[in-house]
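Open the model in your viewer and keep the selection tool at hand.

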Amino acid sequence: MGSLPKRQRVAAYAVILRVSTGSTGGEEILLSRLAERITSDELWTLPGGGLDHGEDPRDAVLREVREETGLDAQVGETARLYSAHLPGVWRDGRRVDAHALRIVYDGWVAPDAPEPRVVEVDGSTSEAAWHPVADVVDGKLPVAPLVLEALADHQPFRKQRVGAYALIRRDSPGADSEGDLLLVQFSERGFHTGSWSLPGGGLGHGESPRPALEREVQEECGVACTVGELLAVHDEAFSGTAPSGRFEDFHSVLLLFSATVDPDAEPRVVEVGGTTQAAAWVPVADVRARKLPVLDAVLHALEAAGRMGTDPT
């Protein structure tokens with residue numbers, strides 16, 4: 001093999017994951033199918049390709065993803081490097097001693113991105129599609145070795161966020177009534193789509209919890225609030241697709257405060273295009289009975305208020 005022409009190639013690729021929009025809810029990966037002129041067999045690989053002379057790897061992978069899938073992607077700040085020595089492989093109709101260097105980034109696309117499609121004409125790929133990660137790992141889908149290597153090493157982006165949230169109640173008619181609770185419903189842009197939670201959100205860098213909570217309640221419910229005492233600290237950890245489209249290992253730390261608003265206030269969502277799609281007064285009895293999907297933090301706040309004697313009932 002020593003007499004074969006030597007060819008070295010540097011290429012950039014992206015591992016792009018999302019939570020399935022179907023009923024299974026499993027993880028999916030964006031893959032490109034190699035064209036028949038590359039291989040007559042069905043074979044899928046990561047979207048990406050070779051760097052042009054002088055091209056930055058990050059620019060190259062974004063260009064290649066757009067050409068192969070029609071999607072505008074983003075990639076993280078770091079990458080993994082894979083090296084493969086392939087003596088005796090066929091390239092452009094001749095056998096060569098190839099050395100492939102693959103730079104693999106963590107990537108993501110917007111949650112409302114269209115279905116992928118190949119844009120490049122007569123390129124190295126003929127199809128682009130989302131596939132269940134389980135099918136890749138189980139061998140049901142034929143993939144290039146790089147896909148399995150990259151998936152084995154891939155770790156979801158880890159994000160921790162501290163937020164402030166408000167337990168806001170009002171009296172309602174009826175001797176046995178526990179009153180109403182002000183809740184917000186998550187839109188498709190947020191984790192837990194369709195679920196109901198306390199109004200509130202993440203703290204900006206350097207922002208104090210109480211002013212942050214006043215701002216969030218105004219944005220999500222259109223009402224001014226007075227923040228009271230800290231009831232409890234709650235946390236939850238989960239993985240899923242963030243509003244940006246990035247697949248994240250998310251840890252949320254929630255500061256749960258008591259708060260009050262004008263009892264005649266009628267909530268309405270002010271922030272357009274955010275993670276909140278509705279705001280409403282909900283009977284506390286319905287919350288306790290789980291008649292609507294509520295996050296555990298809501299019940300945790302109610303229990304904490306009862307223990308501290310701030311529960312008006």
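This is a predicted model: local features need pLDDT of at least 70, side-chain atom pairs count only at pLDDT 80 or more; totals for chains, interfaces and linings use all residues.

Leaving aside residues up to four places away in sequence, Leu181 touches Leu167, Ile168 and Arg169, then Ala280, Trp281, Val282, Val284 and Val287, and finally Val298 and Leu302.

Next, widen the view to the largest nonpolar core, which has 23 residues. Leu181 is one of the members that touch the most other members, along with Leu167, Leu183, Leu198 and Val287. To see where the core comes from, colour the strands β8 (157-170), β9 (180-186), β12 (226-241), β13 (247-260) and β14 (276-283), and the helices α5 (284-288) and α6 (296-308); each supplies at least two residues. Which element gives the most to this core? It is α6, with seven residues.

Now select Trp44, Val133, Leu146 and Phe247. They are among the 20 residues of another core, which lies apart from the one above.

The last stop is the largest pocket, with a volume of about 1100 Å³. Select Arg9, Tyr13, Leu34, Ile38 and Arg91: of the 37 lining residues, these are the closest to the pocket centre. Then colour β1 (6-19), β4 (48-50), α1 (57-69), β5 (73-91), β6 (94-109) and α3 (145-153), the elements that give two or more residues to the lining. The largest share, seven residues, comes from β5. Colour the lining by class to finish: 16 residues are nonpolar, eleven polar and ten charged.

Terms used: Residues are numbered from 1 along each chain as its sequence is written. Side-chain values use heavy atoms; hydrogens and water are left out. On a 1 Å grid over the protein atoms alone, a cavity is a set of points where a 1.4 Å probe fits but cannot get out, and a pocket is an open set with protein on both sides within 12 Å along at least five of seven lines; lining residues have an atom within 4 Å of a point. Grid points are joined across faces, edges and corners, and a volume is the space filled by probe spheres set on the points. Helices (H or I, at least four residues) and strands (E, at least two) are DSSP runs, numbered from the N terminus. Ala, Val, Leu, Ile, Met, Phe, Trp, Tyr, Cys and Pro count as nonpolar, Asp, Glu, Lys and Arg as charged, and the others, Gly among them, as polar. A nonpolar core is a set of buried Ala, Val, Leu, Ile, Met, Phe, Trp, Tyr and Cys residues joined through side-chain atoms within 4.5 Å. Buried means under 20% relative accessible area, exposed over 50%, partly exposed in between (1.4 Å probe, protein chains only). Contact means heavy atoms within 4.5 Å.
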